[in-house]
Each structure stands twice: as C-alpha cells, then as structure tokens.
Amino acid sequence: METKREHWGTRFGFIMAAAGSAVGLGNIWRFPYLTGANGGGAFILIYLGFIFLIGSTVMLAEFTVGRMTQKAAVGAYKSVSRNWTFAGVMGVLSAFLIMGFYPVVGGWATAYILKSVTGLLSDSAAIGDAFGAFISAPIQPLLWTVLFMLFNIFIVIRGVGKGIEMASKVLMPLLIILLLSVAGYGLTLPGAQEGIRFLFVPDFSAVTGNTFLSALGQAFFSLSLGMGCMVTYGSYLPKDSKLPSSAGVVTAMDTFFAILAGVAIFPALFAFGMEPAVGPGLVFVVVPQIFARMGFIGPVLSLVFFVALMIAALTSSVSLLEVVVAYLMDEKKWQRSKAVIATGLVMLVLCSLASLSLGIWSGWTIPGLGVGFFDFFDILTDKVFLAIGGLFLAVFAGFQLKKEDLYRELTNHGETTFPLFDAWYFLLKFIVPVAIGIVAIFGLLDIEQPVLMITGLVIIGLLALFSKKL
Ligand code: PHE
C-alpha cells in the first residue's frame with residue numbers, strides 16, 4: 001500500500017532543515033582547518049568561487065529533481081531512466097560512508113560540552129594530549145558516538161515534519177546566537193585583526209592543484225551536495241514553494257556560517273599567537289587552548305562553542321540518515337521506524353571501525369590503500385564521490401531531463417518567474433561538468449592518495465554495472 005508522501009510544514013521549516021543539513025561539521029570543524037592549512041584568504045576565495053558558480057547551481061538542480069519526481073535519491077534517477085539508478089545508489093553509499101565517521105566527530109563534540117566545564121581547560125598545556133588520549137581510547141569515544149546516534153534516531157524516527165523540521169526550527173536559530181557570541185568575543189581581543197587579515201587577504205603562494213580539489217570537495221560537502229541529500233529534501237517540498245530563492249538562501253546561509261566559524265576561531269587564535277595550520281585537531285585542541293587562556297569566561301564560551309558544534313553536526317547527520325531511510329521507504333516500502341533503526345545500527349558499526357582506527361588500530365591501514373577506516377570514509381566521499389555525484393546530477397538534469405520540464409518545475413508551472421533560468425541552465429549543462437572535470441584532472445595529477453582515488457572510481461564503475469535492480 002502506498003502511504004502519502006510526507007511534506008515540510010512551512011517554507012521557513014524547509015529552509016531551516018536544508019540549511020541545517022548544509023551547516024555542520026563541514027563549516028565549523030573542517031572549513032577552519034582547511035583554511036588554516038591552505039593559507040587562509042586564497043583558499044576562501046577559491047572556495048567562494050566554487051560555491052557561487054557550481055554549488056548554488058547544483059543545489060537548485062537537486063531541489064528541482066527532487067520535487068519534480070517526488071522521490072528520494074535513487075527513485076529520482078530511476079523514475080526517469082534505469083540506466084541512471086547507479087548515480088542514486090552512489091548517493092546512498094556516500095550517506096553510509098559519511099555516517100561512518102561523521103557521528104564519531106559528533107560524539108567528540110558532545111563529549112567536549114561536558115569536558116568544557118569539568119576541568120579540561122584548567123591545564124592548557126595538557127589539552128592536546130588529552131584530545132589524543134580521548135579519541136584513541138577504545139570505549140569512551142564510542143559511547144559518545146552512540147549517544148549522538150541516539151539523538152539522530154530520535155529525531156528521524158519522528159518523521160519529516162515532526163522530527164527533522166521541528167528540530168531544525170529550534171536548533172538553527174540557537175546555533176546562530178551561540179556562534180555569534182563566540183565570534184563577537186573573539187573580535188574584542190587585542191590582536192584580533194591579524195586573524196581577520198589571515199581570513200580575508202589572499203596569499204596565493206600556498207595554492208596547488210590539490211588546493212582546488214580540496215576547495216571543490218569542501219564546497220560539495222558543506223552544501224550537502226552530490227549524494228542525493230538535497231534531492232531527498234526537495235522531494236518533500238510542496239508544489240507551490242519557490243525553488244530558486246530557497247536554493248539561494250540555503251547557499252548563502254551555509255557560506256555565512258563557514259565565515260562566521262572562521263571569525264569565531266582565527267582572530268582569537270592569532271590574538272593568542274597560535275598556529276593556524278594544525279589540521280583536524282584545530283577545533284578540539286587549539287580552540288580549547290584559546291578558551292583556557294580567557295579566565296573565568298573561558299569554560300562558558302567553550303561550553304557554548306561545543307553545544308554549537310554538536311547542534312550543527314546533528315542537523316546535518318539527520319539529513320544523511322534520512323537519505324538512506326527515504327530510499328528504503330520509497331524503493332523497498334519499509335516502515336520508517338524499521339528503516340531508521342536498521343540504518344542507524346549499520347552506521348554505528350561503521351563508526352566503530354572509524355573510531356578504533358584512530359586508537360588501538362591506528363598502526364593498521366587497509367591493505368593497499370595506506371589509510372585507516374576513518375580517513376578512508378572521509379577521503380573517499382569528500383575527494384571522490386561527492387564531486388562526481390554532483391557531476392552526474394548536473395549531466396542528468398542537463399542532458400537527460402527536458403529543458404521545458406525543468407523550466408516548468410522551476411516556475412511552478414508558470415505561477416512564478418525565474419529570470420535567470422537560461423544562465424542557470426548553461427552553468428548546469430556546460431560549466432559545472434567541465435569545471436569538475438578540470439579540477440578532477442588537476443587533483444589527480446597532484447594527489448596524495450592515488451590508489452584511493454582509483455579505488456573510488458572502480459567502485460563507481462561497479463555500481464554502474466550492477467546496481468540496476470536496487
Ligand atoms: N553539509 C554537512 C556539513 O557541512 C555534511 C553533509 C554532507 C550533510 C553531505 C549531508 C550530506 O557538515
């Protein structure tokens with residue numbers, strides 16, 4: 001029996017949910033450390049270019065495809081042509097892989113809420129070692145991951161409107177307030193201008209082919225693109241909502257949050273004379289060290305910061321869980337509750353592999369690949385699957401779907417106008433595929449893990465051959 005498809009209750013609710021998906025660890029955890037490692041302003045400039053030309057174009061295409069077909073990732077492709085099923089399946093696979101490490105970091109953030117006020121900040125010199133010891137322990141980080149996954153399950157099991165939309169409507173405005181307070185305080189510190197200069201004055205000497213690949217991967221990751229997430233969210237849109245402005249608002253909000261996270265971190269970082277290029281430990285080591293030097297306000301700001309990080313992560317991970325759940329409901333006719341629990345459990349198994357790969361298995365790498373599970377899930381999705389998934393979506397919408405149908409969907413069958421349609425269509429059909437292709441080639445020439453890239457491409461090939469029945 002077909003049950004009626006769930007829908008968003010209000011336009012505000014949808015925007016909060018989609019922005020909630022986009023704004024996440026990608027903005028607050030990854031964007032700052034990538035910026036720090038890639039020389040600051042120059043990276044941001046390249047990133048912004050990708051966001052506006054490629055990201056917003058693909059975002060609008062994902063919303064359109066989702067609403068037009070009223071189907072989640074796999075069904076959207078499949079309902080048009082079975083030859084495209086694999087592109088949807090690739091999205092579901094990406095959702096599993098991202099959820100194989102993302103909740104681990106979500107669990108760290110949750111743990112750090114408590115640690116902020118239980119003595120972590122009392123010895124600034126020990127913060128780095130404490131982080132290393134925490135994430136490499138076998139059990140403790142896993143328990144926090146389980147807790148974080150339970151929050152996800154609790155929200156997604158309640159459904160689209162009562163679960164995801166409701167949570168996002170409360171949590172996203174809270175997130176803005178929390179981050180603004182941390183950023184505001186950082187800006188008042190003496191020496192903060194140095195951090196602003198680092199963020200906004202580009203220095204191109206650190207830019208390589210890999211910088212472009214990182215910026216492109218980050219653009220897709222941060223906007224939740226290239227894996228069917230925005231297709232799925234778009235499929236819950238009522239027929240009268242305006243797609244172009246929604247895509248614009250969500251893109252703008254995601255960018256705003258990335259910059260805001262940078263402003264919350266770098267001015268304070270430079271004010272205390274610390275190093276920007278420390279990698280993934282940036283928000284868990286350097287940020288607490290900054291707070292530790294602030295006196296009594298430190299633990300309070302630290303608590304606020306990690307609550308913000310956890311919230312941001314949560315509203316994103318629910319969207320990743322929803323991609324798989326929606327697939328199982330649409331294509332396999334599963335009950336929501338069964339889909340949520342089964343999917344959540346599989347994701348927890350993957351998370352355990354990822355978490356252990358940072359601890360007791362840290363010396364072991366996947367044979368031939370040279371990386372452990374955490375890095376494998378992360379690099380494979382961020383540097384291969386998302387950009388290629390975005391490329392497929394652009395080619396699918398640009399070449400497989402009819403231009404008139406897209407136009408009709410985008411203008412709500414003539415109810416509204418979309419003056420930029422031709423520009424958008426040109427970007428989608430030609431610029432996006434070509435740009436992704438060029439960046440991929442540059443990236444491949446300058447890549448740190450060639451075997452991993454090739455593994456990713458082989459997996460995509462296998463999906464193309466064998467996923468027609470899914
Ligand atoms: N956009 C999220 C973030 O920035 C991550 C994400 C990627 C969510 C892909 C959904 C799909 O953290």
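**Entry 1: S357**

I looked up S357 in this predicted model and found a relative accessible area of 9%, so I note S357 as buried, the cut-off being under 20%. I then listed its contacts, setting aside the neighbours within four places in sequence, and was left with S362, G372, F373 and F374. For F374 I also noted a polar pairing, in which its backbone nitrogen lies 3.1 Å from a polar atom of the S357 side chain.

**Entry 2: the largest pocket**

I next turned to the largest pocket, which holds about 550 Å³ of space. I counted 25 lining residues, of which Y33, L34, P280, K383 and E448 are the closest to the centre. Sorting the lining by class, I have eleven nonpolar, eight polar and six charged residues. Asking which helices supply at least two lining residues each, I wrote down α2 (25-37), α7 (127-136), α11 (209-222) and α17, and of these α17 gives the most, with six residues.

**Entry 3: the ligand**

Last, I went through the surroundings of the ligand, where I find 15 residues, the closest being A22, G26, Y102, F221 and S224. For a nitrogen atom of the ligand, I noted a polar backbone atom of S222 at 3.0 Å.

Terms used: Residues are numbered from 1 along each chain as its sequence is written. This is a predicted model: local features need pLDDT of at least 70, side-chain atom pairs count only at pLDDT 80 or more; totals for chains, interfaces and linings use all residues. Side-chain values use heavy atoms; hydrogens and water are left out. Buried means under 20% relative accessible area, exposed over 50%, partly exposed in between (1.4 Å probe, protein chains only). A polar contact is a pair of N or O atoms within 3.5 Å; within protein, one must be able to donate a hydrogen and the other to accept it, and residues adjacent in sequence count only if both atoms are side-chain atoms. Contact means heavy atoms within 4.5 Å. On a 1 Å grid over the protein atoms alone, a cavity is a set of points where a 1.4 Å probe fits but cannot get out, and a pocket is an open set with protein on both sides within 12 Å along at least five of seven lines; lining residues have an atom within 4 Å of a point. Grid points are joined across faces, edges and corners, and a volume is the space filled by probe spheres set on the points. Helices (H or I, at least four residues) and strands (E, at least two) are DSSP runs, numbered from the N terminus. Ala, Val, Leu, Ile, Met, Phe, Trp, Tyr, Cys and Pro count as nonpolar, Asp, Glu, Lys and Arg as charged, and the others, Gly among them, as polar. A residue is near a molecule or strand if one of its heavy atoms lies within 4 Å of it.
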